[in-house]
Every structure is written in C-alpha cells, then in structure tokens.
Amino acid sequence: MSFVIEASDLGKRYGRRWALRDCTLAIPEGKVVGLVGPNGAGKTTLLHLAVGLLSPTSGSISVLGESPGDGPAQLRRIGFVAQDTPVYARLSVAQHLQMGAWLNSSWDREIADSRIKQLGLDPRQRAGTLSGGQRAQLALTLAIAKRPECLILDEPVASLDPLARREFLRSLMEVVAAHGISVVLSSHLTADLERVCDYLVVLVASRLQVAGEVSELLSAHHRISGPRRDASSLPAHQDVIEESHADKQSTFLVRTSEPVHDPAWTVRPVTLDDLVIAYMSRPAATEPAPRPLLKVMS
Amino acid sequence: MIRFTWLQFRVQARVAMAALVAFAVVLMVTGPHLASLFAASGISTCHANTCATAAGAFLSRLAVTSPYPIVYLLGIGIILAAPAIIGIFWGAPLIARELETRTFALAWTQSISRTRWLVAKLAVTGFAAMLVTEALSLMDALWADPIGKAIGLQGSDPVASVFGQGRLGLLVFPTSGIAPLGYAAFAFALGTASGVFIRHAVPAMAVTLAIFAAIQIAMPLWARPHLIPPNRMTTTIEAAQLNFGSLTATVVPGRPGAWIISSGARDAKGRPVTMLPAACQGAPPPAKPLNPALCMDRRGFREAITYQPASRYWPLQWIETGIFLALAVALTGLCFWRLGRRRI
C-alpha cells in the first residue's frame with residue numbers, strides 16, 4: 001500500500017520553540033483525512049511541511065512517495081488550499097483561472113470553468129470582493145483544476161458561516177467522489193470532520209496523539225464506568241485517555257484492542273467528538289510517547 | 001510565469017508609462033524653442049576664441065528665460081527620484097505583499113518552482129525599472145544637449161547659475177550617462193530584499209528609502225572621488241580663482257569642467273592656511289583696494305587642488321554603474337537564498 005503522507009520523527013522548530021516534534025505517521029492513500037487539534041497544535045506546520053512550503057528541522061516526510069519539494073513534478077501532484085484561502089485581491093476570478101492555466105501544465109480548463117459556472121461566480125469579479133465562502137470555493141477550484149493526486153486543505157472552513165461551510169464540504173465531497181483523490185483536511189472543529197472523514201489524526205501541543213481509521217478508532221475506544229477505582233488498577237491493555245471520578249464512581253475513556261469483560265463496568269461506545277475532546281484535554285505532562293496503535297495493514 | 005508577473009505588474013507599469021509620457025510632453029513642448037535659442041546664440045559657428053563668450057552669453061540668457069531653469073532642475077529631480085520611487089513602490093512590496101497577504105502559499109504551490117517564480121518576478125520588474133529610469137535620463141539628455149554643449153565650451157569661467165555644473169557635477173553626473181541604470185537596478189533589488197527580510201511592505205518601503213538615500217549621499221561625498229585616484233596640482237592663487245572666505249579654489253586652471261574634490265592654500269613653507277593673511281586683507285574703504293590674489297602670490301602662497309579631470313566622466317560612470325549593478329546582483333542573491341531556505 002502507498003501512503004499519501006508518511007512521516008518519521010518529523011520535527012519543525014522555530015527558534016527555540018518546536019511547532020511539531022517526533023511526528024511519526026503513515027496515512028494510506030484514498031482516504032479523507034481529518035487533522036484535528038486546538039489552535040497552535042502544529043496542524044498548519046505539518047501541512048506546510050507536506051506541501052514543501054517548509055523544510056523539516058528533523059526527521060523526514062514524504063507525500064505520495066516523494067519528499068515534498070520545490071520541483072514542478074511534485075508540486076503538480078498536490079493541490080493545496082492554504083489557511084484563510086488567500087487569493088489575489090486585485091485579480092478577477094477569470095484572471096485566477098488564467099494564472100492556474102499558466103502555472104500548471106496539468107491544468108484542466110473544463111473542470112475550472114464548469115465549477116465557476118456551477119458556483120454562479122462572475123468571472124469578471126475581483127477576488128477581493130468575493131465573500132468568504134466564494135473565496136474558499138475559488139481557492140478549491142484552483143487546487144482541483146490542476147488535477148492533483150491529493151488535496152491538502154488547511155482549515156478551509158474555519159472562517160465560514162455554517163451554510164457556506166456545509167456548501168464547501170459538500171463540493172469537496174463531490175470532488176472526492178468524482179475523482180477519487182486523497183484529501184487531508186485540517187480543522188479545530190470535529191463537527192466538520194465527522195461528516196466527511198474516514199481517517200483521523202489528532203495533534204495536540206505539537207505532538208501527534210493518535211492516528212487511525214475513524215471506524216477502527218471508534219471501535220477501539222470505550223467509555224467505561226463503575227465503582228470508584230484508580231486508573232492504575234485497570235488491565236495493562238487498557239490505555240486510559242481520560243478519567244473522571246465521583247464519590248463512588250469512576251469513569252474512564254480507554255483505548256483497548258480487546259473487549260472489556262469485567263462485569264463491574266458499564267461499557268458505552270464513544271463518538272468522534274468524545275474521542276477528540278478526550279485526546280485534546282489530556283494533560284500534556286502525562287502524555288505517553290505516541291505509538292502507532294492502529295497499524296495499517298500493508 | 002512571465003505572463004502572470006506581467007498581469008500582476010500591469011497597474012504599476014501603466015503609472016510608469018503615464019509618467020514617462022508626461023515628462024516627454026514637457027520636453028517636447030519646450031525643446032524646439034531651446035534649440036532655436038541655441039542656434040541663435042552663434043555657438044555652432046563660433047571660433048576658438050569666441051566660443052567661451054557665446055556659450056556664456058547663451059547660458060546667462062537661458063538662466064533668466066522661463067521655463068528653462070525649472071525644466072532643467074525638474075529633469076534632474078525626476079531622474080534622481082525615479083530609482084528611489086521604483087525601489088519603494090515596485091521593489092519593497094514585490095514579495096513582501098505576497099508574504100503579508102499570504103498569497104505566497106497560493107503562488108508557491110502551483111506547478112512551478114520557487115526559483116522560477118522569483119526569476120520571473122525579478123526579471124520583469126527589474127528590467128522595467130532599468131528601462132524606465134534610463135528612458136527618463138536619455139530623454140532629458142537629448143533635451144539638455146544644447147545646455148551641455150554650452151557648459152563644455154564656456155571655459156574656465158563658468159556662469160554662476162543652475163547651469164553652472166559640468167558633467168562631473170553633483171547633480172549632473174548621477175542623472176546622465178549610464179549611472180541612472182545602476183541606481184535603478186540597485187534600488188529595485190534593495191527594495192525587494194528589504195521586503196523579503198522584513199516581510200511587511202510598509203516598513204520595507206521606509207527602510208529602502210533610508211538606505212538608498214544614505215548611499216546616494218555617501219557615494220559622491222566619500223566614494224566617487226576615489227573610484228580613480230584623483231589628480232593633484234599646485235598652482236598660483238590667481239589662476240585658481242579663490243573663494244577668499246575659505247581660500248578654496250573655484251576652478252582648476254587649464255582643466256575646464258574638472259571636479260574639485262578638495263583645495264586649500266599653502267604658505268611659502270607649505271603649511272595649510274585657511275584665512276586670508278592680515279597683510280593681504282587691505283585697509284577698509286576709502287583706502288585704495290588691494291588685489292588679495294596678487295598680494296598672496298607675491299608672498300609665496302600657492303593653492304593645492306585635488307581634482308578629477310572632465311575626461312574621466314565615462315570611466316567614472318562605468319565604475320560607479322558597475323558597483324551599483326554588483327550590489328544589485330548581491331541583494332538579488334540574498335533574496336534567492338532566503339526564499340530557497342523554505343522557512344516561509
């Protein structure tokens with residue numbers, strides 16, 4: 001199996017601060033990957049490393065089997081929509097498409113034109129006067145029309161209103177359905193991702209917390225509650241992600257590859273939101289070294 | 001990428017074009033009359049001994065004939081300012097604006113290497129910068145050709161007016177020949193590099209202006225006089241036509257159009273003197289006036305002059321332009337290095 005993003009011990013440091021460190025992951029191709037984490041967790045850094053805007057301080061990263069770089073050959077394979085979907089304010093929609101055609105040898109004019117038409121954008125309108133949602137759609141059009149093998153989007157919907165957000169994600173899903181390309185999409189809101197993603201990467205405080213197929217992650221995590229007890233008394237295969245204790249009762253969110261048999265426990269499934277929140281609120285001091293729990297079969 | 005750079009550059013290019021056309025119109029309106037004044041002055045048919053007089057008369061008349069002094073100074077001002085304006089408004093925002101508005105993330109993820117992107121941006125805009133400045137300078141040179149000829153002919157007794165400067169003059173040298181080309185390339189590269197390192201257009205513009213102005217002041221004061229080792233001459237006080245306040249020379253005898261770098265009087269023992277000796281100051285009126293130059297010459301005073309002869313105009317132009325082009329190349333190299341490091 002080939003990977004859309006493969007990183008080993010990847011790190012990026014700005015001065016003395018590590019924006020991302022010890023990041024090891026392998027995301028299979030053909031997925032819609034949600035990259036979640038609070039603001040400042042290192043999501044943008046990871047994505048910029050993936051598209052070659054940054055070079056790593058340590059470790060290595062490869063995207064679609066090649067190290068991201070400056071070469072046109074690699075750049076052609078990746079469509080990128082940056083945070084806040086920057087466009088040239090003084091250029092018109094048509095001029096943006098012209099730019100795409102000039103700067104990308106693989107440019108597909110038909111895709112671009114039909115999308116602009118479908119979105120109802122006026123080609124003569126200046127990009128600076130577009131609404132946030134329209135601007136995001138224009139940026140997505142530019143990224144798609146170069147016919148990439150993988151789309152990387154950095155918080156594309158963060159600044160959009162709920163309606164524009166839904167519209168954007170819907171057109172993204174249409175693209176995935178039509179072209180079958182891999183998508184990596186970052187967000188700090190799980191609600192956005194729940195609808196579209198089948199693979200999840202959680203990044204907190206510049207470290208990777210967990211990565212895996214959404215369905216496998218959901219079946220491997222359980223919320224268990226029962227008589228009060230200490231986390232250390234749980235079986236070794238149960239990795240405690242979150243714990244809360246009342247007078248007589250303890251509740252844990254655990255990750256385990258084995259079924260929970262102890263009859264003292266009430267076992268409930270978790271939602272994607274629960275899971276992400278649990279990883280995000282895990283105190284930084286106690287975090288274990290991230291281990292690739294859910295190995296991808298190759 | 002060249003087409004896209006041009007698309008982004010169109011507005012500035014139009015402004016520059018409009019400025020060029022406006023300047024050309026002013027020169028074309030005033031040029032023919034200037035040429036007819038020159039033809040009427042008799043300079044073109046003068047003989048060796050009448051030329052200086054005819055040229056002096058022409059320049060004196062021009063100095064009081066509107067609008068020639070104004071247009072002459074306007075031309076100099078525009079050519080001096082053009083490189084700075086280009087550095088500030090074309091160079092500084094060129095990359096800084098992309099970094100500020102984060103459109104670099106869009107530009108650098110198209111299927112084109114960052115190096116090619118930068119080459120196109122720098123080539124299109126930089127070439128335009130040099131073209132515009134040199135066009136201004138050439139148009140002005142064409143217009144001012146009669147004035148330049150007359151200045152060259154007026155010999156060792158220049159008219160004290162706006163037309164008093166020879167080709168090595170502080171205002172004429174940097175606005176003529178090929179020097180404006182070098183300044184334009186340098187100012188543009190300086191602006192671009194400031195933008196790349198400061199990453200914000202407005203501060204980069206300010207820094208560009210400050211550095212460019214400082215260099216334009218430092219160059220004629222400290223660097224240009226020594227680009228070629230200057231000549232030295234010791235002459236009589238009378239021949240050097242002293243300014244008796246400071247005892248500095250106003251002309252280099254036998255070297256019309258020479259650029260005086262430093263000068264000063266020496267007494268009979270060779271010691272520098274900066275004040276008119278008491279014996280030569282003469283008694284207050286109504287006593288018979290004294291000729292201080294004659295008086296000083298008789299007492300053994302001599303004038304020492306360091307100067308660049310007018311014949312070094314082109315060598316100095318080439319060296320100075322070469323220096324600025326080299327600086328421009330170095331600054332451009334810094335831009336490539338900084339953006340190639342992929343630290344955004």
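**Exercise 1.** State what share of chain A is buried, and describe the overall build of this chain.

*Solution.* Buried residues account for 44% of the 298 residues in chain A; a residue is buried if 20 or more other C-beta atoms, placed from the backbone, lie within 10 Å of its own. The model is predicted, so local features need pLDDT of at least 70 and side-chain atom pairs count only at pLDDT 80 or more, while totals for chains, interfaces and linings use all residues. Residues are numbered from 1 along each chain as its sequence is written, and chains are lettered from A and ligands numbered from 1 in the order in which they are written.

Next, consider the dimensions. The C-alpha trace of chain A spans about 65 × 40 × 35 Å along its principal axes.

Finally, chain A contains nine helices and 13 strands, which are DSSP runs numbered from the N terminus (helices: H or I, at least four residues; strands: E, at least two).

**Exercise 2.** Determine the strand order of the open sheet of four strands in chain A, and identify what packs on the sheet.

*Solution.* The order is β11-β12-β10-β13 (chain A), and the pairing is antiparallel; two strands pair if DSSP finds at least two bridges between them. The edges are β11 (239-245) and β13 (266-269) of chain A, each pairing on one side only. From one strand to the next, the twist averages 20°.

Within the sheet, β11(A) is joined to β12 (residues 249-255) of chain A by six bridges. A:Val240 has A:Val254 in β12(A) as its bridge partner. Helix α9 (residues 272-280) of chain A packs on the sheet and touches β10 (221-227), β11 and β12 of chain A; contact requires C-beta atoms, placed from the backbone, within 7 Å. The direction of α9 makes about 90° with that of β11(A), where axes are lines fitted to C-alpha atoms, for helices over the stretch in contact, and angles run from 0 to 180 degrees between N-to-C directions.

**Exercise 3.** Locate the domains of chain B and describe how they touch.

*Solution.* An automatic or database domain assignment gives domain 1 (2-226 + 313-340) and domain 2 (231-283 + 290-310) of chain B. Their C-alpha centres lie 36 Å apart. Nine residues of domain 1 of chain B are in contact with eight of domain 2 of chain B.

Notes: A residue is buried if 20 or more other C-beta atoms lie within 10 Å of its own, exposed if 12 or fewer, and partly exposed in between; C-beta atoms are placed from the backbone. Two residues are in contact if their C-beta atoms, placed from the backbone, lie within 7 Å.
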